[in-house]
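Subject: Structure handover

Dear colleague,

Here is the structure, with the sequence alongside. My notes follow below it.

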Amino acid sequence: MRRLMLLRHAKTEHDAPSGRDRDRRLDDRGRHDAAEIGGWIGRHPPFPGLALVSPAIRAHQTWEIAWEAMKGAVPPPQVELLPELYGADPAQLLDTVRSVSATDPKRLLLVGHNPGMHELALALAGSGDAAGRKVLADNLPTSGLAVFDFAVDDWADMAFRQGKLVLFVSPKMLKQASGG
């Protein structure tokens with residue numbers, strides 16, 4: 001069994017001072033949401049053993065803030081910044097996931113961007129949480145987290161439509177669930 005967690009970066013400023021998309025930073029809501037989803041991950045094992053993070057500033061900040069919120073409760077994962085996650089389509093993202101076969105973490109977290117992350121989530125979901133799949137069909141929102149289990153012994157054997165959506169959660173859903 002392998003678990004894949006897809007986390008979209010948190011809410012960002014509209015434009016970076018440099019004018020480069022890769023340089024966009026999290027806004028106040030994004031920083032709050034990244035901490036909230038990180039805290040949620042820290043309260044809901046199993047935890048990722050490897051985090052692959054896009055080097056775009058917003059994705060890296062999302063990971064750093066989420067990690068800060070969970071690190072007291074979670075064993076430190078290995079973290080790698082992977083340039084190929086920026087702008088990747090679902091096939092490229094799947095290739096990236098399959099490539100971790102050599103180190104074989106049982107649980108993997110990707111921190112990346114739409115549309116690729118949303119399209120990957122839709123392409124992986126073959127079964128699982130029906131309500132989560134319905135919500136996820138519309139969007140993988142900023143700070144949205146989709147968690148999939150795969151009945152495989154090797155990441156290299158992962159394929160589209162073989163994932164079981166264990167859950168889908170976002171800061172907005174957490175706020176609604178707590179009545180806030």
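Pro115 sits in the loop between strand 4 (107-112) and helix 4 (116-124); helices (H or I, at least four residues) and strands (E, at least two) are DSSP runs, numbered from the N terminus. The peptide bond between Asn114 and Pro115 is cis, with omega about 5°. Pro46 belongs to the loop between helix 1 and strand 2 (50-53). For background, most peptide bonds are trans, and most residues other than glycine have a negative phi.

Before the rest, two notes on the source. This is a predicted model, in which local features need pLDDT of at least 70 and side-chain atom pairs count only at pLDDT 80 or more, while totals for chains, interfaces and linings use all residues. Residues are numbered from 1 along each chain as its sequence is written, and side-chain values use heavy atoms, with hydrogens and water left out.

Positive phi

Ser143 has a phi near 65°, a positive value in a residue other than glycine. Its place is the loop between helix 5 (130-138) and strand 6 (145-150). Arg161, also not a glycine, has a positive phi of about 65°, and is found in the loop between strand 6 and strand 7 (163-169).

Are these two residues buried or exposed? Ser143 is buried, with a relative accessible area of 0%, whereas Arg161 is exposed, at 53%. Here buried means under 20% relative accessible area, exposed over 50%, and partly exposed in between (1.4 Å probe, protein chains only).

Glu80

Glu80 is part of strand 3 (residues 78-81) and is partly exposed, with a relative accessible area of 28%. Leaving aside residues up to four places away in sequence, Glu80 touches Leu50, Ala51, Leu52 and Val53; a contact means heavy atoms within 4.5 Å. Between the C-alpha atoms of Glu80 and Asn114, which are 34 residues apart along the chain, the separation is 19 Å.

Overall fold

The protein has six helices and seven strands, in the order β-α-β-α-β-α-β-α-β-α-β-β-α along the sequence. Its radius of gyration is 15 Å, close to the 16 Å that the globule rule gives for 180 residues, so the protein is as compact as a globular protein of that length. That radius is taken over C-alpha atoms, and the rule is 2.2 Å times the number of residues to the power 0.38. The C-alpha trace spans about 45 × 40 × 35 Å along its principal axes.

Of the 180 residues, 48% count as buried. Among contacts between residues at least 6 apart in sequence, 76% join residues at least 24 apart.

Largest pocket

Which residues lie nearest the centre of the largest pocket? They are Arg29, Ser170, Pro171, Lys172 and Met173, out of 14 lining residues. Helix 1 (28-43) and helix 6 (171-177) each supply at least two residues of the lining, and helix 6 gives the largest share, five residues. A pocket, on a 1 Å grid over the protein atoms alone, is an open set of points where a 1.4 Å probe fits, with protein on both sides within 12 Å along at least five of seven lines; lining residues have an atom within 4 Å of a point.

Regards
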